[in-house]
Amino acid sequence: MNEIFNFNLPKELIAQYPLKEREKARLMVIFKEKGEIVEDIFENIDKYLKKGDILVLNNTRVIPARLKCKKETGGKIEILLLKNIDNYHWKVLAKGRVKEGIKFYSQDLEGEILNRNEDGSFTVRFNKDKDEIKKYGQVPLPPYIKREPEEIDKTYYQTVYATKNGSIAAPTAGLHFTEEIIEKLKKNGVEILFITLHMGWPSIKILKDTEKSVGEEYCEIFEDVCEKINKGKKEGRKIIAVGTGTTRALESAWKEDRIYPFIGYTNLFIKPGFKFNVIDGLITNFHLPGSTHLLLVYAFCGEILKKAYNLAIEKKYRFYSYGDSMLII
């Protein structure tokens, strides 16, 4: 799957810090049908969204999912919380040497590796409940950000409209929005809707060529949102998703000729050849080769995406989580 769209990115283009003014990120606009590319900045996003357009955002909130711990033998390990199983049990990733039965600590937090799962994750039992455990964690910055989390990340690795705890990675397409931009769009007649998709392991893994599934992520789309989207589609209005997670949730909720309420886990794998039924436009960032995000964007955008990425590298755009933005319409 990776050979469909791969590229070499100079390391200096991987953004290590956020812009203090979110809205000053560069914006690349791709007009799919015309085959045109326009360069702008994100605070001008309203120039490209029309009255009647429906903009769908993901209101998930990033939890402090990274735990720095020590094993009882003294060695260091890093735990990334993936999925809460029950009050004291989690599915996690572990960085460092671990095996079944190993116990580890962080202050008065204690954990034990119960078993290794088939997918490479581990099941862990903690001595603190699912709400308490989060006070021991750090912002789960992705591994290509080569520094420890700082105070600035608590604000900037979060959208301004985040309300529902659950993600282990930021829905990065939304990081450029400010409250002022959202209000301006509303005044211009753009309808703003919110859904939830908690960004999980599928959002951070790099796929192997043989993988046929990306794994599950939890999402919520309620009836009032479905009614507005279905009404908008009947009226010929454009549905624009902010982020690949939002796209995955929306397309998962489509059946036959309409979108239905969806509460639960989706394992939808969007890759080249997928037929998009819900979205007409997409706001996204610049993604890693081999990532589920890049495959989804390529499926939506087509061959012109390669031209856009080459231009972004030539013009020294900022890439990945804290990087610049793209609008595809």
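This is a predicted model: local features need pLDDT of at least 70, side-chain atom pairs count only at pLDDT 80 or more; totals for chains, interfaces and linings use all residues.
Guide: Welcome! Local features here need pLDDT of at least 70 and side-chain atom pairs pLDDT 80 or more, while totals for chains, interfaces and linings use all residues. Residues are numbered from 1 along each chain as its sequence is written, and side-chain values use heavy atoms, without hydrogens and water.

Visitor: What makes β5 and β8 a pair?

Guide: Strands, which are DSSP E runs of at least two residues numbered from the N terminus, pair if DSSP finds at least two bridges between them. Strand β5 (residues 66-71) and strand β8 (residues 103-106) have two bridges, in the antiparallel sense, so they meet that definition. Lys-70, for one, has Tyr-105 in β8 as its bridge partner.

Visitor: Which strands form the closed barrel?

Guide: Six strands do, in the order β5-β6-β7-β10-β9-β8, with antiparallel pairing.

Visitor: What makes a set of residues a nonpolar core?

Guide: Its members are buried (under 20% relative accessible area, 1.4 Å probe, protein chains only) Ala, Val, Leu, Ile, Met, Phe, Trp, Tyr and Cys residues joined through side-chain atoms within 4.5 Å. The largest such core has 63 residues, of which Leu-250, Leu-305 and Phe-319 touch the most other members. Apart from this core lies another of 24 residues, among them Leu-93 and Phe-104.

Visitor: What does Leu-250 touch?

Guide: With contact meaning heavy atoms within 4.5 Å, and residues up to four places away in sequence not counted, the partners of Leu-250 include Val-56, Ile-195 and Ile-279.

Technical notes. Helices (H or I, at least four residues) and strands (E, at least two) are DSSP runs, numbered from the N terminus. Buried means under 20% relative accessible area, exposed over 50%, partly exposed in between (1.4 Å probe, protein chains only).
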